[in-house]
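Let's take a walk through this structure, from its ring pairs to its cores. Have a look at the sequence and the model before reading on.

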Amino acid sequence: QAQSASGFVYYQPPALRPPPQMGLHSQYVGSLSYDSHGADQYAENVHLLRDSPKYPRRRMNMRSILASLLVPWLLFCAVFTAMTSSIRYQTVGLTYFIVISAFAILLGLALFRLRHRQEPGRAAHGQPSWYMFVILTGLIWCILGLMIGDFLYVTYEKLYLENVSLNVYKGVEVRHAQGNQMLDAGRIVFSNSSKVDVKKSMAFKHVDTYCVAPITSAGGDMLSYDFWAVGINCCTPTLSDFHCGETRNPQAHVGLRCTEDLLPQFRLAVKQAEAAFKIKAVQPLFFEWTVDAGQPSSKMTGPSVGSEAARWAAHRAPGTGLKNAADWGFSKNGDEGRSCTGSSGYPLASGHAFAEQCWLTGIILAFGTQLVLVWVAAFAFSKL
């Protein structure tokens, strides 16, 4: 109750306060008083305050959105490129520096966000949410770039780069050449008279069938058969049926050096051929027989993105059953067998081209995926 100047006593209703569950605008409305129609007046004041300068609408920070799109994607590009390309083969230290720097940038952003939150009286206005978005998506993209890039490099690029870094010999006549003279050969262009003698082919069976046949020339038997065309699962062990690579193509006179991990099996096959045909191989060298050293064999198709993606996932799945199934299923490459010049079972040129295709596809898909994630995050943040 209160008394006026004329002496009348009247009733003054208590001030109505806003409900305790109100949000950000309660600090402005909380000091207002209302009459008996306080609820309606309170709602009207809330509407007015939302449109007033004291209560600005939340606006999206375009710089934060742009950074959220580009920073994780650029980190992925850097890590993926460093792990896949020739940079890793030529300068391993630079590759490690790029990868460590990418993760260091994410660590720096995390520390900056932590310091940003600890500052007293600092209003977030959605900024820390974008920092967390950049850190989480950047970390995911860096890990994916590290894993997928390593898979592509080990499976395709490393063997290709090792092969092209070796020496190239042209016009080699196998009758007058010796294997110990060309131990550094990566590619050999044999003379036009050279051919694969399928009648002296031999196979060594160990899970897969490792096939060998000597590269000879006209003029009868040779003192030493040091150059061999080889392949996997492309011959019949009990018959002189050798159809590896471009053996049946008369234009084929080029040999691509085989990888080291398969040499023991091929050497055992050569020893069997020495005993069976009474020949001698002092320093055997093993090659994929093809038309052009820079092109894949026409009888061996390159890998597909879908099959290799399934293979990559299977090899990283828990348990050995799925991994063994993947090794068996993806080791076959049609009736013509598979190449000896790549751990994936595909020719080096096909594997290298596939790795480049995967790199470009990964860069484009990463940008598109990050763009969608940023759009979803911007929509979610606008509703907060």
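## Ring pairs

Rings of Phe, Tyr and Trp (its six-membered ring) pair if their centres lie within 6.5 Å; planes under 30 degrees apart count as stacked, over 60 as edge-to-face and the rest as tilted. With that in hand, you can pick out a cluster in which ring pairs link Phe 190, Phe 227, Phe 287 and Trp 289. This is a predicted model, where local features need pLDDT of at least 70 and side-chain atom pairs count only at pLDDT 80 or more, while totals for chains, interfaces and linings use all residues. Residues are numbered from 1 along each chain as its sequence is written, and side-chain values use heavy atoms, with hydrogens and water left out.

Searching the whole structure turns up 14 aromatic pairs. Take Tyr 210 and Phe 266: their ring centres are 5.7 Å apart and their planes sit at 80°, so this pair is edge-to-face. Tyr 210 is in strand β7 (residues 208–216) and Phe 266 in helix α7 (residues 263–277), so the pair ties together parts that are 56 residues apart in sequence. Both Tyr 210 and Phe 266 are buried, where buried means under 20% relative accessible area, exposed over 50%, and partly exposed in between (1.4 Å probe, protein chains only).

## The chain as a whole

The protein chain has 10 helices and 12 strands. Helices (H or I, at least four residues) and strands (E, at least two) are DSSP runs, numbered from the N terminus. Of the 384 residues in the protein chain, 42% are buried.

Now for contacts, meaning heavy atoms within 4.5 Å. Among the contacts in the protein chain with a separation of 6 or more, 67% are between residues 24 or more positions apart. The chain's accessible surface is about 21,300 Å², and carbon and sulfur atoms account for 61% of that; such areas come from the Shrake-Rupley method with a 1.4 Å probe, and for residues, only the protein chains shown count as cover.

## Disulfides

How many disulfides does the rule give? The count comes to 2, with a disulfide taken as a pair of cysteine sulfur atoms within 2.5 Å. One of them joins Cys 211 to Cys 235, with 2.0 Å from S to S. The link of Cys 211 and Cys 235 is left-handed, with -85° about the S-S bond. Cys 211 belongs to strand β7 and Cys 235 to strand β9 (residues 235–236), so the pair ties together parts 24 residues apart in sequence. Both Cys 211 and Cys 235 are buried.

Another disulfide joins Cys 234 to Cys 244, at 1.7 Å from S to S. The link of Cys 234 and Cys 244 is right-handed, with 85° about the S-S bond. Cys 234 is in the loop between β8 (227–232) and β9, and Cys 244 in the loop between β10 (241–242) and β11 (254–257), so this pair ties together parts 10 residues apart in sequence. Cys 234 counts as buried at 0% relative accessibility, and Cys 244 is buried with a relative accessible area of 1%.

## Two cores

A nonpolar core is a set of buried Ala, Val, Leu, Ile, Met, Phe, Trp, Tyr and Cys residues joined through side-chain atoms within 4.5 Å. The largest one has 41 residues, and Phe 227 and Trp 228 have the most contacts inside it. The elements that give this core two or more residues are β4 (185–190), β6 (202–206), β7, β8, α7 and β12 (285–290). Setting aside neighbours within four places in sequence, Phe 227 is in contact with several residues, among them Val 174, Met 182, Phe 190, Ile 215 and Phe 287. There is also a second, separate core of 13 residues, which includes Phe 76, Phe 151, Cys 358 and Ala 366.

## Two residues to look at

Ala 229 sits in strand β8 and counts as buried at 1% relative accessibility. Not counting residues up to four places away in sequence, Ala 229 touches residues including Val 196, Cys 211, Phe 242 and Trp 289. The C-alpha atoms of Ala 229 and Asp 197 are separated by 9.1 Å, with the two residues 32 apart along the chain.

Thr 155 is found in helix α6 (residues 127–164). Thr 155 is buried, with a relative accessible area of 8%. Its side chain reaches the backbone oxygen of Phe 151 at 2.7 Å. That is a polar contact: a pair of N or O atoms within 3.5 Å, where, within protein, one must be able to donate a hydrogen and the other to accept it, and residues adjacent in sequence count only if both atoms are side-chain atoms.
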